[in-house]
Structure formats: C-alpha cells, structure tokens
Amino acid sequence: MSLSRKRKKELRRLQNDANQLWENQQVLVGHAADVAREAGRQLGNFNREQVVPVVQDAYNRKVAPVVDQGVRFGKHVVDDKVVPIVGGVVGTALSAWDVANAKRHGIAPRSRAVPEKKGPGIGSVVALVLGAAAAIGVLYAAWQALRADDELWVADDPLSAPDA
C-alpha cells in the first residue's frame, strides 16, 4: 500500500503531536508524583503532631483503665475463685485416693503439713498473658491505621512513545 506525500506528511505530523503529548503526560505524571510524595510527607507530619497525641490521650483516659480493670478482675476471679476451688477438688480427690490405697495396703494414713504457696498462681499468669495479648492487638491495630502508605510508585524514567 503506497501513501501519498500529503498523507505521509500528515501521519508524520500526527506522530510528532502524539510524541509531544506523550512527553507532556510524562512530565505531568512526574509532577503528580512529586505532589503525592509531598502530600504523604505532610500527612505523616500531621499524623505525628495532631493525631497521635489525641489517640494516645484518648487511649490513656478511656481504654487503659478498662483494660487494667479487666486484668485486675480476671486475676481476682482466677486467683480467689477458680484456683481454690480446683485445688480443693484435686486435693480432696488425692486425699481420698491416698486413704483408699492406705486401707487396701493396711497402712495407717500419715498427715503432712502442706507448705503455703508463694508467688503468682497459674491464673494470674494466664490473666497477664491475655492482657498483654490484648494490649499488643490494640497497638498493632493503631499502628496499621496510622502508618504512612509508602506504596505509591511512579516510574522515574519516561517511557518512550509507541511508534505509529
């Protein structure tokens, strides 16, 4: 297929216009990337200066007391209610077992003094672990919500225009 000179000239002019448009778009995209980068930086500054102090204050005033109260209540329930009940049931069962074994073997049961337990119980350890896990979960959620989004990407080198 052969084209006239006039058509070839028009096609060359159109291709030059398309190349010029492509270069202008690359410049525009570069400026947009600069603006987006600056906006992200400003958002990070705003976050550090305005949002984080308000969130920390609200957390310290509203969430931390509730979490502390929950931990204290959980420790109280486990240490003062669950552990003594379970310990009593297990102790009674073991005593009954020892008495039954002693009767079967004809041995008189011996009474032993049980030393008092010192230190935190298993319930307090479980309550502390659950409280720490809850605090870590809250901190992680806050970090995810407040972190900067660095995943904006724009190519630094301009792409060449497609040949027509």
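User: What percentage of the residues in the protein is buried?
Analyst: This is a predicted model, in which local features need pLDDT of at least 70 and side-chain atom pairs count only at pLDDT 80 or more, while totals for chains, interfaces and linings use all residues. Residues are numbered from 1 along each chain as its sequence is written, and side-chain values use heavy atoms, with hydrogens and water left out. Buried means under 20% relative accessible area, exposed over 50%, and partly exposed in between (1.4 Å probe, protein chains only). Of the 164 residues in the protein, the buried share is 7%.

User: How many helices and strands make up the secondary structure?
Analyst: Helices (H or I, at least four residues) and strands (E, at least two) are DSSP runs, numbered from the N terminus. Helix H1 covers residues 5-105, and helix H2 covers residues 122-146. The secondary structure comes to two helices and zero strands.

User: What share of the accessible surface belongs to carbon and sulfur atoms?
Analyst: Accessible areas come from the Shrake-Rupley method with a 1.4 Å probe, and for residues only the protein chains shown count as cover. The accessible surface of the protein comes to about 14200 Å². The share of carbon and sulfur atoms is 63%.

User: How many salt bridges are there?
Analyst: A salt bridge is a side-chain nitrogen of Lys or Arg within 4 Å of a carboxyl oxygen of Asp or Glu. One of them joins Arg-61 to Asp-57, with the closest N and O atoms 3.0 Å apart; the two residues are four apart in helix H1, about one turn of the helix. By this rule the count is four.

User: What is the N to O distance in the salt bridge of Glu-38 and Arg-41?
Analyst: Glu-38 and Arg-41 are three residues apart in helix H1, about one turn of the helix. Glu-38 is partly exposed, with a relative accessible area of 33%, and Arg-41 is partly exposed at 45%. Their side chains meet at an N to O distance of 2.7 Å.

User: Which residues form the nonpolar patch with about 470 Å² of accessible area together?
Analyst: Patches are made of residues with over 30% relative accessible area and no salt bridge; like charges are joined within 9 Å, and nonpolar side chains (Val, Leu, Ile, Met, Phe, Trp, Tyr) within 5 Å. One member, Val-125, is found in helix H2 and is partly exposed, with a relative accessible area of 39%. The patch on the surface consists of Ile-122, Val-125, Val-126, Val-129 and Leu-130.

User: How far apart in space are Val-77 and Gly-123, C-alpha to C-alpha?
Analyst: Val-77 lies in helix H1 and is partly exposed because its relative accessible area is 27%. Val-77 and Gly-123 are 46 residues apart in sequence. Their C-alpha to C-alpha distance is 8.5 Å.

User: Among contacts between residues at least 6 apart in sequence, what percentage joins residues at least 24 apart?
Analyst: Contact means heavy atoms within 4.5 Å. For the protein, the percentage that joins residues at least 24 apart is 83%.
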